[in-house]
Amino acid sequence: MITRFIIYGLMGFLMEILWTGLISLLKKDVSLRAFTSLWMFFIYGMAVFMEPVFIASGGLPFFIRGLIYMLLIFCAEYLTGYLLERSIGKCPWNYEGAALSVYGLIRLDYAPVWFAVGIIYENVYFNIMPLINLP
């Protein structure tokens, strides 16, 4: 479980760097500056706790599975953001003033992103983890 946590966390780091780098590109920043927070490793690593959901939802249609994952990721993003604000006084992301922001902790317009991330993690669980023989 720890090894899978690390894999999910590193995947999240990579996705976060690619996402923020793409945003830099769209803003015409040719340096392609990208960033993340160390907290994100632990937050993305929590995808290991979605594995039972991957198994339980295996027979459902693609769209329904994606919606379930998206909702779980939104809940995790909101909860971890809230807990970080309350415990250390700062959340690594701040969506205040952004379109469709909920208390600055989640952005509803990121729904397609979280849908895709859930599907990516599901595919890693079913197709990659068995290849590397992780418990």
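Is Lys 28 buried or exposed? With a relative accessibility of 70%, Lys 28 counts as exposed, where exposed stands for over 50% relative accessible area, buried for under 20% and partly exposed for values in between (1.4 Å probe, protein chains only). The model is a predicted one, in which local features need pLDDT of at least 70 and side-chain atom pairs count only at pLDDT 80 or more, while totals for chains, interfaces and linings use all residues. Residues are numbered from 1 along each chain as its sequence is written, and side-chain values use heavy atoms, with hydrogens and water left out.

Lys 28 sits in the loop between α1 (2-26) and α2 (38-45); helices (H or I, at least four residues) and strands (E, at least two) are DSSP runs numbered from the N terminus. Its phi is near 70 degrees, a positive value in a residue other than glycine. Most residues other than glycine have a negative phi. Tyr 103 also has a positive phi, near 55 degrees. This tyrosine belongs to the loop between β1 (101-102) and β2 (106-107), and at 62% relative accessibility Tyr 103 counts as exposed.

A polar atom of the Ser 24 side chain lies 2.4 Å from the backbone oxygen of Arg 33. Beyond its neighbours within four places in sequence, Ser 24 is in contact (heavy atoms within 4.5 Å) with Asp 29, Leu 32 and Arg 33.

Attention now turns to the nonpolar interior. A nonpolar core is here a set of buried Ala, Val, Leu, Ile, Met, Phe, Trp, Tyr and Cys residues joined through side-chain atoms within 4.5 Å. The largest such core has 32 residues, of which Tyr 8, Phe 54, Trp 114 and Tyr 121 touch the most other members. Two or more residues come from each of α1, α2, α4 (62-88) and α5 (111-128), and α5 gives the most, with eight residues. In soluble globular proteins, nonpolar side chains tend to be buried together.

Tyr 121 shows some of this packing in detail: leaving aside neighbours within four places in sequence, Tyr 121 is in contact with Tyr 8, Met 11, Gly 12, Met 15, Tyr 44, Ala 47 and Phe 54. In helix α2, Met 40, Phe 41, Ile 43, Tyr 44 and Gly 45 are buried. The buried residues of α2 pack against α1, α4 and α5.

Terms used: Polar contact = N/O pair within 3.5 Å; in protein donor to acceptor, adjacent residues only side chain to side chain.
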